[in-house]
Amino acid sequence: MRVGIVAEGRGDLAVIANILKGKLGLDFEDVQFIRPEYDMDETDVHDQAEALRGGWGRVKRECVERGRIREFVENAIDDEILVLIQIDTAEAHEKGYDIERPGRDDPDYAAVLRRRVVEKINAWLEGEGVERVRHAVAVEETEAWVLTIFSAKDTATFGDPKKKLNEVINKAMPDKERKRHFQLKEYAQAHELTRPFRKRRELEKF
């Protein structure tokens, strides 16, 4: 099996790659980063239009245009391929994303919000290849997934999981380890934090 990933950012790529290792046993070479490109340097990023540097706008554009997705599908050697599309819901209310957020007091808040985002992604894709598409919808941000390693609470209820994760790291890590962590780039930070996801039993627990 080979999986191509369209994601908001490099940290999201790392988290998902570790989840795929734990869930499906896929190694790094079985996974292709469709967007963002992992080898893009900072100069390339500066040259991009502001709206496309990251976030849901980049994901939407790839789903609508589908150029890199088609390239991945057409060039795949494996018979079994999946396209995994990751998107956060933190900005779901913004113009162009246009998701009506359910009330946070709704006991099915996460499930309802996810369903609405999945429908939106499929609309952007106009039905093309949806049979091979899997949706990695992060309620708020993927940091909510990372927090499951540190918290037994339902992390979908955290309003700002990125801030909460930084608070947890600052408390949980010894000084030397914490300083080293925050010196790492985004991908490396997320990769190191989510190493436990690479073990199926641990992943299922979280």
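Author: Happy to! One term before we start: contact means heavy atoms within 4.5 Å. Helices (H or I, at least four residues) and strands (E, at least two) are DSSP runs, numbered from the N terminus. This is a predicted model, where local features need pLDDT of at least 70, side-chain atom pairs count only at pLDDT 80 or more, and totals for chains, interfaces and linings use all residues. Residues are numbered from 1 along each chain as its sequence is written, and side-chain values use heavy atoms, with hydrogens and water left out.

Reader: Thanks! What covers the buried residues of helix 9?

Author: The cover includes helix 1, strand 2, helix 6, helix 7 and helix 8 (175-183). The buried residues in helix 9 are Tyr 187, Gln 189, Ala 190, His 191 and Leu 193. Buried means under 20% relative accessible area, exposed over 50%, and partly exposed in between (1.4 Å probe, protein chains only).

Reader: Nice. And the sheet, in what order do the strands come?

Author: The order is 2-1-3-4, in an open sheet of four strands with parallel pairing. At the edges are strand 2 (31-35) and strand 4 (133-138), each pairing on one side only. Two strands pair if DSSP finds at least two bridges between them. From one strand to the next, the twist averages 25 degrees.

Reader: How many bridges join strand 1 to strand 2?

Author: Four, with strand 1 covering residues 2-6. Val 6 has Arg 35 as its bridge partner in strand 2, and Val 3 stands opposite Val 31. Right-handed means that, with the strands pointing away from the viewer, the path from the first strand over the helix to the second runs clockwise.

Reader: What about strand 3 and strand 4, how many bridges there?

Author: Six bridges join them, and they run parallel. Asp 88 has Ala 138 as its bridge partner in strand 4. Here the chain crosses from strand 3 through helix 5 (residues 109-125), and this β-α-β crossover is right-handed too.

Reader: Why is strand 4 largely enclosed by the rest of the structure?

Author: Because five of its six residues are buried.

Reader: Switching topic: which residues touch the most other members of the largest nonpolar core?

Author: Val 3, Ile 5, Ile 16, Leu 20 and Leu 84, out of 29 residues in that core. Helix 1 gives the largest share, five residues. A nonpolar core is a set of buried Ala, Val, Leu, Ile, Met, Phe, Trp, Tyr and Cys residues joined through side-chain atoms within 4.5 Å. Apart from this core lies another, of 25 residues, including Trp 56 and Ile 85.

Key: Axes fitted to C-alpha atoms, helices over the stretch in contact; angles between N-to-C directions.
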